[in-house]
Amino acid sequence: MIRVETAGKLAENVMHFARLLRAAGLRVGPDRVIDCVKALEIAGSQHREDWYWTMSAVLLSKQEHRPIFDQAFNVFWRDPKLTEKMMSLLLPKAHGRAAKPEQQQSQRLTDALYSQKKPEELQAEKKEFEARLTFSSREVLSRMDFDTMSAAELTQAKQMLSQLRLPLPVIKTRRFQVHPAGIRIDLRKTLKESLREGGDVIPLVRAAPAELHPPLVVLCDISGSMNPYSRMFLHFLHAITNDRDRVTVFVFGTRLTNITRALRHRDVDVAMAKVAEAIQDWSGGTRIGHSLREFNWRWSRRVLGQNACVLLVSDGLDREAGEGLGEEMERLAKSCRYLVWLNPLLRYDKFEARPAGVRAMLPHVDLFLPVHNLKSLVDLARTLNGPLTRNSQEKRAWR
Amino acid sequence: MPQPLPKSIDQTQALLAAGEYVADRSLATSLFLALAMRRPLFLEGEAGVGKTEIAKVIADGLGRELIRLQCYEGLDIGQAAYEWNYPRQMIEIRLAEAAGEKSKERLAADIYSEKFLVKRALARALEGSGQGTAPVLLIDELDRTDEPFEAYLLEVLSDWQITIPEIGTLRAAEPPVVVITSNRTREIHDAVKRRCFYHWVDYPDARRELEILTRKAPGAAASLSREVVAFVQQLRKSDLFKLPGVAETIDWANCLVALDRVTLDPETVNNTLGVLLKYRDDLERIAGDEAARLVTEAKAAAAA
């Protein structure tokens with residue numbers, strides 16, 4: 001620490017650099033700033049390249065952040081004038097009329113550099129909900145289609161959704177824990193128990209495989225045709241994302257967006273605002289095959305490890321008429337433990353697997369369920385609570 | 001013989017080069033810092049880019065013992081850190097009984113002594129045998145294990161100690177050199193990453209890959225090596241599910257040598273493409289015309 005203090009100007013600059021990175025969304029704690037100053041001293045090199053790699057080793061923890069880091073590094077350590085300007089900008093209440101940033105700079109960095117700190121926009125009005133919903137109104141509401149609800153009913157439905165939990169089944173892990181009817185003997189605990197008795201008797205302590213919820217990956221269609229449902233479903237997703245860890249949520253229309261971080265916000269309205277900000281293709285066309293391909297190529301290996309279950313929410317109406325969709329569905333099904341397709345169109349009794357997209361997707365899903373009203377979501381929770389086996393009866397019966 | 005740690009980035013680079021590992025400046029910098037500041041080095045990257053090899057080369061170059069902990073799902077303390085030798089403990093209890101030992105405390109103290117402790121990778125890495133000889137601990141494919149084990153690692157990686165409830169704390173006199181690798185099949189928690197220096201091991205550029213090939217596949221003719229590298233570099237620009245790593249390049253070059261080829265031709269490439277590409281879709285995409293086109297391009301690039 002003493003060395004850090006003597007480093008004086010350097011430490012201060014590193015601190016400001018770290019603040020810039022933090023503002024651009026990188027997680028750089030004060031511990032790393034101290035490490036960074038020490039590392040720069042130890043590296044002791046005046047080369048710009050060594051300087052760069054030293055900082056990247058200490059301050060970076062994800063390859064995705066490198067472009068932001070690169071730009072921040074270039075801006076900060078090359079142009080001292082810009083640096084000064086930026087530092088003054090970062091200080092509270094010291095806004096000047098900043099020059100327009102260069103075009104090439106990424107939006108995130110630009111925001112971090114030039115955004116004026118605006119106070120969190122507080123909710124103008126807080127909606128009060130009727131706490132005592134009568135049983136019958138709740139019942140009616142839960143059977144009503146999202147499509148036909150009035151605004152007030154939607155609000156109520158949202159409230160009910162926020163109470164809903166998705167009890168995904170647990171799966172056995174390879175880790176053991178004490179269990180009276182376990183299949184293994186926990187020798188360590190057995191011995192401990194035995195010693196408590198003085199070593200005369202050896203009471204066996206048994207252990208069984210620990211059980212754990214598998215990770216959940218949700219792929220939600222937000223194209224125009226899904227509009228009435230996807231908004232409601234996002235509320236549901238917000239509830240389950242905050243209910244437990246290891247949930248990853250993607251939305252897709254014509255492109256794939258990972259909105260997990262946005263949904264993590266406890267407050268549902270803030271979370272929804274962040275989601276809306278992140279999504280660029282809301283209510284547009286659908287390219288299911290393309291989006292699934294992007295998921296398979298870029299994300300599947302990162303989020304489908306450890307026996308993940310996948311919930312695919314889509315009506316299966318594909319703009320590209322199912323081209324390449326079958327292959328991508330097959331790959332998706334093969335790389336996850338269990339694939340559930342939730343389709344709002346299934347509420348119509350006459351629904352047939354006529355569209356090319358639906359026909360291409362159907363052979364690969366393990367479970368095909370309706371998801372058009374609250375009741376169907378509750379049913380979904382119930383179905384998922386049962387034992388999961390691949391290609392279960394429901395789907396076969398439907399076919 | 002244990003060697004002292006390198007004193008500069010240049011020395012670190014020389015150390016890696018002496019172990020036949022062709023490293024770029026960025027890796028040497030991260031490694032030097034990790035060694036100098038006694039922090040774990042966290043290596044992330046696609047399969048087959050030489051992450052595990054780095055640990056082996058460091059252990060070799062520094063003349064230290066390499067302790068490898070291969071991670072898998074369900075890895076627990078008993079397999080990673082330490083375990084009590086239960087059969088021997090049981091016998092000890094019976095012996096004590098036979099000798100008429102009645103004091104529970106004394107019995108417990110006897111049973112839980114270090115001679116009954118079986119040390120696994122983490123405990124052995126912390127043990128060390130004296131100054132300047134701390135081993136190299138390789139925690140391989142950390143992404144394969146689960147979150148509870150990651151959490152357990154936190155104590156080991158930040159305080160260099162393991163707490164054994166029965167006897168106390170096992171503390172390292174000198175922290176081991178720790179290398180953690182991950183294939184990124186899931187994200188490692190920030191708390192672990194925070195304690196480490198991070199390095200993304202990327203695919204090498206053509207110049208470096210050629211250098212690697214010269215060292216690792218010395219049997220290949222210089223012209224063949226150039227063509228192989230040019231071909232693989234072109235291949236990595238294609239839209240593939242799994243890009244070939246350096247390990248695949250080396251395997252392929254050795255294959256071609258075994259087949260007595262001195263230059264690439266489309267037929268041989270088609271027949272041996274399975275060494276480079278491991279997914280059927282990828283093979284279908286490349287085999288045939290695309291392979292022939294890439295061979296022509298590779299030859300032109302190698303000749304230039």
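**Helices, contact and loops**

Reply: Helices (H or I, at least four residues) and strands (E, at least two) are DSSP runs, numbered from the N terminus. This is a predicted model, where local features need pLDDT of at least 70 and side-chain atom pairs count only at pLDDT 80 or more, while totals for chains, interfaces and linings use all residues. Residues are numbered from 1 along each chain as its sequence is written, and chains are lettered from A and ligands numbered from 1 in the order in which they are written.

Me: Thanks! Which residues of α3(A) are buried?

Reply: Those are Arg32(A), Val33(A), Asp35(A), Cys36(A), Val37(A), Ala39(A), Leu40(A) and Ala43(A). Buried means that 20 or more other C-beta atoms lie within 10 Å of the residue's own; 12 or fewer makes it exposed, anything in between partly exposed, and C-beta atoms are placed from the backbone.

Me: What follows α3(A)?

Reply: Gly44(A) does, with a positive phi near 55°.

Me: Is Ala24(A) buried or exposed?

Reply: Ala24(A) counts as buried, because it has 21 C-beta neighbours inside 10 Å. From Ala24(A) to Thr248(A) is 224 residues in sequence and 22 Å in space, C-alpha to C-alpha.

Me: Switching to the contact between the chains: how many residues come from chain A and how many from chain B?

Reply: Chain A brings 30 residues and chain B brings 37 residues. Two residues are in contact if their C-beta atoms, placed from the backbone, lie within 7 Å. On the chain A side, the elements giving two or more residues are α3 (30-43), α4 (48-59), β1 (171-178), α10 (187-196) and α14 (288-303).

Me: Which element gives the most there?

Reply: α4(A), with six residues. By type, that side of chain A divides into eleven nonpolar, ten polar and nine charged residues. Here Ala, Val, Leu, Ile, Met, Phe, Trp, Tyr, Cys and Pro count as nonpolar, Asp, Glu, Lys and Arg as charged, and the others, Gly among them, as polar.

Me: OK, over to chain B. How many helices and strands?

Reply: Chain B has 15 helices and nine strands. Its radius of gyration is 24 Å, well over the 19 Å that the globule rule gives for 304 residues, so chain B is more spread out than a compact globule. The radius is taken over C-alpha atoms, and the rule is 2.2 Å times the number of residues to the power 0.38. Those C-alpha atoms fill a box of roughly 85 × 45 × 35 Å along the principal axes.

Me: What domains is chain B divided into?

Reply: Domain 1 (9-77 + 120-200), domain 2 (82-114) and domain 3 (206-303), with bounds from an automatic or database domain assignment. The centres of domains 1 and 2 of chain B are 36 Å apart, taken over C-alpha atoms.

Me: Now α8(B). Where does it bend?

Reply: At Leu153(B), by about 25°; the bend is the angle between axes fitted to the seven residues ending there and the seven starting there. Leu153(B) is also one of the buried residues of α8(B), along with Phe149(B), Val156(B) and Leu157(B). These pack against α4 (77-80), α7 (121-127), β6 (161-164), β8 (177-182) and α9 (190-194) of chain B. Just after the helix, Trp160(B) has a positive phi of about 50°.

Me: Which loop is Arg184(B) in?

Reply: Arg184(B) sits in the loop between β8 and α9 of chain B, and its phi is positive, near 60°. Most residues other than glycine have a negative phi. Arg184(B) is partly exposed, because 17 other C-beta atoms lie within 10 Å.

Me: And Asp260(B), buried or exposed?

Reply: Asp260(B) counts as exposed, with 6 C-beta neighbours inside 10 Å. It lies in the loop between α12 (246-258) and α13 (266-272) of chain B, and has a positive phi of about 60° although it is not a glycine.
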